[in-house]
Amino acid sequence: MITSSFTTTHWWIAAFASGICLALAAQFLATSTKGRLLTALLPIAGAAAVIGDSAARGYEGDTPLVLYTATMLGLTLCRVIFARYLRRQREVMLSGKPMEPITGKQSALFFITFTAVVMAMAVLL
């Protein structure tokens, strides 16, 4: 594991940095000021979800920070992996046309990719 020597402080820094990475990666998706604000809040929503889930499951110590970091980095990497598709959707939206609806195959591919990325991070982190 790359992070086997991480202290709690290191995990806080990693969590903060990964949240910033997601907020920056998601800015590409926003086309308005309101959209940019909402995408900047994604890491906070992720933190709330991880805190709630961790409390419900009784996770302690650094586990919530590890889960948050892996999730935020996973979403950021998915943004990079699906950049071509997202760029095309953004161009369609900016041209004034409605966005193409996501298909079941695309949803499944995203979910599988996201799951694989987060699992790989969990192993590496």
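Keep in mind that the model is predicted.

**Stop 1**

Now pick out Leu41, which sits in the loop between helix H2 (33–40) and helix H3 (42–57). Leu41 has a relative accessibility of 38%, so it counts as partly exposed.

**Stop 2: a salt bridge within helix H3**

Next, look for charged pairs: a search of the whole structure finds two salt bridges. For one of them, select Arg57 and Asp53 and show their side chains. They meet at 2.9 Å, N to O. Both residues belong to helix H3, and because they are four residues apart, about one helical turn separates them. How exposed is each partner? Arg57 is exposed, at 55% relative accessible area, while Asp53 is partly exposed, at 33%.

**Stop 3: a salt bridge between a loop and a helix**

Finally, select Glu100 and Arg88. Here the side chains form a salt bridge with an N to O distance of 4.0 Å. This pair links distant parts of the chain, 12 residues apart: Glu100 lies in the loop between helix H5 (83–94) and helix H6 (104–124), and Arg88 lies in helix H5. Check the surface here too: Glu100 is partly exposed, with a relative accessible area of 37%, and Arg88 is also partly exposed, with a value of 37%.

Terms used. Residues numbered from 1 in each chain as written. Predicted model: local features only at pLDDT ≥ 70, side-chain atom pairs only at ≥ 80, totals over all residues. Heavy atoms only, no water. Helix = DSSP H or I, 4+ residues; strand = E, 2+ residues; numbered from the N terminus. Buried < 20%, exposed > 50% of the residue type's maximum accessible area, 1.4 Å probe, protein only.
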